[in-house]
Amino acid sequence: MSAVLFLHQSLILPRITRALKPSSFSSCFSLPLLRPISHPFSSLAASRASSIPTHDDVDGAAPIAVTERTMIDVNPPRGTRDFLPEDMRLRNWLFQQFREVSRLLSFEEVDFPVLESEALYIRKAGEEITQQLYNFEDKGGRRVVLRPEITPSLARLVIKQGKSVSLPLKWFTIGQCWRYERMTRGRRREHYQWNMDIIGVSRVRAEAELIHALVILFERLGITSADVGIRISSRKVLQAVLQTYSIPEHLFTEVFVIVDKLGKISREEIEKELVSVGVSLDAVKGLVEVLSFKSLTRLEDVLGPNAEAVADLKQLFSLAENYGYSQWIQFDASVVRGLAYYTGIVFEAFDKEGILRAICGGGRYDRLLSTFGTDDIPACGFGFGDAVIVELLKEKGLVPDLIRQVDDIVFPLDAELEGPASKIVASLRQKGRSVDLVEDKRLKWVFKHAERVNAGRLILVGNSEWQRGMVRVKILSTREENEIRIDELD
C-alpha cells in the first residue's frame, strides 16, 4: 500500500467512524475485518443495498455503498419438512415396515415420477383435491402437476403396459405427494404415501387382502384394535338410495363429493348443497338417514338382502372372520371417501380417541381407466400417509428408540499413521462393517463420540503396535481391551 493511500485512509477512517452509526459502519468496507458476521441459523430477509447520503460524504469523496448482507430464510417452505438424521432413521424404519408388509402379501414395488401431466388430475366432480394442486406450465408449454395422490399414476402405467403384463397385478409404492391445503396436525402440504393396489380382481377378496395388510402393519407397530378401527361402507349403498329416488346417474359423483364433507361442514350445509345440484328434498332426507346407519342389519332391512351393496359388505365381513381381524372393522354408512372414482367398497382407518384425522383410506375403483380413454379393469387400493401414523405413534408412546449405530471407530494416535489407519478402514468396510475414521481429536473426545454413535469397537492405531503388525481394540460394551493382529481384524 502506498504511503499516500495509507495517509488518506488514516485521515478519513476516524471521521467516517464518527459519521456513521455502528450498525452501518461494519458493512461499509470489503475488508475482512469489517464484514458483519451473521449467525448461520438466523432467519432473516434477503440481502439489500443502500448508500450513505451525499451530505455525509467526507472531503468530497464519492458516496460509499453500504451492503447489508443477511441470510435467506432458513426454514423450508410452509407445509414441508426437513429430515435430520434422527428423523430419517424414523422415516426409513416406517418405510421398511411398509415394505415388509407388502412383501408378506406378495406385492411388487413400483415407482412413478413426482411430476405428472395435469390432465391426470383435472376432473369435473368438484373434488377438493382439484383445488389443491401444485400445477404450472413447464418451459415446453406443457401443463404439469406435482402429484397430489398416486392412483392416477398407477392407472397411467397400467394403460401404458397394456397386454404386456399378466393380471392380476399386486403393486405397491412409497412416494411423495403434494397438496396445497390447510394444515392441521398430521396434515402437511407434502407427505409420503404408501399405496397398495390390486389390479384385475373383481371379487371382494381383493378388499379383504388390502384390509389385512393394514391390520398386519398396525400390529407390527404395536397398535391394537382398541387404538384404531377401520370403518367400512360402499358407494353402492348411496347409489341404491339415489336410484330409489330416481336421481339421474350423472349426479351420483357430485352427490358423493358433497356427502364426503359430512363432519367437515354442518348437516344443514350438506342438505343445501345437495338440493343445489338437483337432488329432491325427499331424496336428501333419505340419504341423510342412510348415512347415519352403523348396522349392516339395518341397511339390509332398508335395501333388501339382494342389494349388491349388502351382498358385498356381508361377504367382506365374513372374510374378516376368516382372516381373524373382524374386531378391527365396523360398518359405517357415512364413509364415502372424497375421490370421485371410487365405485364400490370404501374404507378408512381412524384413531378411536378422535384426536387425529383419518390415518389411511381406500376402496374399489373399477371405472377409473375408462376416464383416460381405455377399457376398464377392476381395481382397488389404498393410500397410507406417513404424517398421521407418526403422530399416532407419538401419542401412544410407540415410537421406537432408533439410535445411531457404528460398528467401529478407527483412531490413529499420531498424524503419520493416517495412511495405515486408512488401510484398516478400507479393509473393514470391504468386510461389511460400518466404520468411522476419526482424526485430529483428543482421545477423550473420541471416547465421547464413540458413546454418542453407539460404536461397538474402538480401534487405536499406534506407532509401536503398527510396527509389530498390531492394533489395540477396545470393546466398548465391556471395556475389554486387547492387541490384535491387523490381518486377523474383522
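A salt bridge is taken here as a side-chain nitrogen of Lys or Arg within 4 Å of a carboxyl oxygen of Asp or Glu. The model examined is predicted. By this rule the structure holds 27 salt bridges.

One of these salt bridges joins the side chains of Arg267 and Glu271, at 3.2 Å from N to O. Both residues belong to helix H8, which spans residues 267-276. They are four residues apart, about one turn of the helix. In general, an α-helix has 3.6 residues a turn, so residues three or four places apart point the same way. Arg267 is partly exposed, at 49% relative accessibility. Glu271 is also partly exposed, with a relative accessible area of 25%.

Arg143 pairs with Glu118, and the closest N and O atoms are 3.1 Å apart. This pair links distant parts of the chain, 25 residues apart. Arg143 sits in strand S6 (residues 143-146). Glu118 lies in the loop between strand S4 (115-117) and strand S5 (134-137). The relative accessible area of Arg143 is 38%, so Arg143 is partly exposed. Glu118 counts as buried because its relative accessibility is 13%, below the 20% cut-off.

Glu348 forms a salt bridge with Arg231, with 3.7 Å between the closest N and O atoms. Glu348 is buried, at 16% relative accessibility. Arg231 is partly exposed, at 22%. Both residues belong to a network of salt bridges that share partners. Its members are Arg231, Lys294, Asp332, Arg337 and Glu348.

Asp197 presents another case. This residue lies in strand S8 (residues 190-199). Asp197 is buried yet has no salt bridge. The nearest side chain of opposite charge is that of Arg364, 10 Å away. The side chain of Asp197 does make a polar contact of 2.6 Å with the side chain of Tyr365. Leaving aside residues up to four places away in sequence, Asp197 touches Phe107, Thr151, Leu154, Leu169, Lys170, Trp171, Tyr365, Cys380, Gly381 and Phe382.

Strand S8 also takes part in the packing of helix H12. Helix H12 (residues 386-395) is mostly covered, with eight of its ten residues buried. The buried residues are Asp386, Ala387, Val388, Ile389, Val390, Glu391, Leu392 and Leu393. Gly397 follows H12 and has a positive phi, near 70 degrees.

Helix H14 (residues 443-452) has Val446, His449 and Ala450 as its buried residues. Viewed down the axis of H14, these residues fall within an arc of 100 degrees, so they line one face of the helix. Lys444 and Glu451 are exposed on the other side of H14. The cover over the buried residues of H14 includes strands S14 (408-412), S15 (435-437) and S16 (457-461). Asn454 follows H14, and its phi is positive, near 55 degrees.

Conventions: Residues are numbered from 1 along each chain as its sequence is written. This is a predicted model: local features need pLDDT of at least 70, side-chain atom pairs count only at pLDDT 80 or more; totals for chains, interfaces and linings use all residues. Side-chain values use heavy atoms; hydrogens and water are left out. Buried means under 20% relative accessible area, exposed over 50%, partly exposed in between (1.4 Å probe, protein chains only). Helices (H or I, at least four residues) and strands (E, at least two) are DSSP runs, numbered from the N terminus. The arc is that of the directions from the helix axis to the C-beta atoms. Contact means heavy atoms within 4.5 Å. Lys and Arg count as positive and Asp and Glu as negative; His and the chain ends are not counted. A polar contact is a pair of N or O atoms within 3.5 Å; within protein, one must be able to donate a hydrogen and the other to accept it, and residues adjacent in sequence count only if both atoms are side-chain atoms.
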